[in-house]
Every structure is written in C-alpha cells, then in structure tokens.
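Biologist: I would like to learn how to read a structure like this one. Please take me through it step by step.

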Amino acid sequence: MDETEFWELIDETREAADGDPEEQADLLVDRLLGLDPDMILDFARHFEARYNRAYIWDLWGAAWILLDGASDDAFDFFRCWLIGQGREVYEGAVHEPDALAELLDDFDEEFDGDGEELGYAADEAYEQLTGTIAPELGIAPAPPEPAGTPVDLENERALAERLPRLWERFKG
C-alpha cells in the first residue's frame, strides 16, 4: 500500500461516516478486512508514521485550545483524529498548526478531536483476519518529547501568542 492508497482509505471512510470518528474507525476496519494481512500492516505503518510525525508541541497547543485542555492521552487521540481528517488537513496542521484555524470548517469538542478508535483499526482488522496480534511494525518509535519549542499549555497568553489565528477563532 502506498501513501496515495492510505489517504484514499482515510478519505473514503471519513466521507462515508459523515465525519464521525467512531463510525469512520468501524468502516476502516471493514475496508481493511478486505485486504491481505501485509497490506493491513502497510496501512498500520503509514498510520503510525504520521501519528509519530504529529508529535509536535504546537499541535499539542492546538489540541489544548480546541479541546479546552488536552492530557497526554487526549493529545494521542487528537493526533489519530487529525490523521482521520485527511491529507490536506493533516499535512497543513503538521506544517503549520495555527493553520487549523482555516483548515477546519467547524469543531465541536463533544464530537471532534477524539480519534482513539482510528488508532486501533489496523490492529483490530489484522487480528480479526489472522487470529493473531499484529507484529511489530519495524518503524522508529515516537521521540520521548514532542518536536519543536516547548510551550506551557496552561498559559493562555503563551498559547494565544504561539497560535494566534486558532486562539482568535476558537477562544477569542
């Protein structure tokens, strides 16, 4: 599975789920079950690599603003959700987290921002298909600390300065 196929699966399932991350995860499992185990592992590698790449201080700040606070786990689930939004939103946010102010049509913290189930879709499909737990993916683990310049997530002024457009749109 190449990168284009990965993003096509993400887009198709998001559109079919009408943006509901849990429904998207269920649809993704169903779609992955139609592939062979090696393709599922390829999908998992693409997902994990993007998940690790999004481990960025400014994205954590964006999650903090959008979710009105974001613990370690909440940020993990936010990164899964971000991947589920598709290539354009994901790449835009990774390159410039403040661009989420323009990239997101709307955001409802009760409905959006938590893609936990998306993070398990490939493992679930692999296990259903093979009856075994997915092997190690053989990719580098996430770094111990987010990339970029640390920000005090509890300091509203620091967040507003670091992510001014996102702050203005969702907090201003």
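Predicted model: local features only at pLDDT ≥ 70, side-chain atom pairs only at ≥ 80, totals over all residues.

Biologist: Where is Leu32 found? Does it count as buried or exposed?

Modeller: Leu32 is in helix H2. Helices are DSSP runs of H or I with at least four residues, numbered from the N terminus. Buried means under 20% relative accessible area, exposed means over 50%, and partly exposed lies in between (1.4 Å probe, protein chains only). Leu32 has 0% relative accessibility, so Leu32 counts as buried.

Biologist: How do I describe two packed helices?

Modeller: Use the angle between their axes and the distance between the axes. Axes are lines fitted to C-alpha atoms, for helices over the stretch in contact, and angles run from 0 to 180 degrees between N-to-C directions. Here H2 (residues 21–32) and H8 (residues 121–130) pack at about 40°, with axes 9 Å apart.

Biologist: What word describes how H2 and H8 lie to each other?

Modeller: Angles under 35 degrees count as roughly parallel, over 145 as roughly antiparallel, 65 to 115 as roughly perpendicular, and the rest as oblique. H2 and H8 are therefore oblique to each other.

Biologist: Which residues of H2 and H8 meet?

Modeller: From H2 come Ala25, Leu28, Val29 and Leu32; from H8 come Ala121, Ala122, Glu124, Ala125 and Gln128. By class, this contact has seven nonpolar residues, one polar and one charged. Ala, Val, Leu, Ile, Met, Phe, Trp, Tyr, Cys and Pro count as nonpolar, Asp, Glu, Lys and Arg as charged, and the others, Gly among them, as polar.

Biologist: What is a nonpolar core? How many residues has the largest one here?

Modeller: A nonpolar core is a set of buried Ala, Val, Leu, Ile, Met, Phe, Trp, Tyr and Cys residues joined through side-chain atoms within 4.5 Å. The largest has 54 residues, and those with the most contacts inside it are Phe43, Leu59, Phe78 and Leu100. Helix H4 (residues 57–67) gives the largest share of this core, eight residues.

Biologist: Which residues does Phe43 contact?

Modeller: Phe43 is in helix H3 (residues 37–53). Phe43 is buried, because its relative accessibility is 1%. Leaving aside neighbours within four places in sequence, Phe43 contacts Met1, Phe6, Leu9, Ile10, Leu28, Leu32 and Ala122.

Biologist: And where is Leu59 found?

Modeller: Leu59 is in H4. With a relative accessible area of 0%, Leu59 is buried. Beyond neighbours within four places in sequence, the contacts of Leu59 include Phe78 and Leu100.

Biologist: Now the loops. Which loop holds Asp18?

Modeller: Asp18 lies in the loop between H1 and H2. Asp18 is not a glycine, yet has a positive phi of about 55°. Asp18 is exposed, with a relative accessible area of 68%.

Biologist: What is the phi of Asp68?

Modeller: Asp68 has a positive phi of about 60°, although it is not a glycine. Asp68 sits in the loop between H4 and H5. Its relative accessible area is 53%, so Asp68 is exposed.

Key. Residues numbered from 1 in each chain as written. Heavy atoms only, no water. Helix = DSSP H or I, 4+ residues; strand = E, 2+ residues; numbered from the N terminus. Contact = heavy atoms within 4.5 Å.
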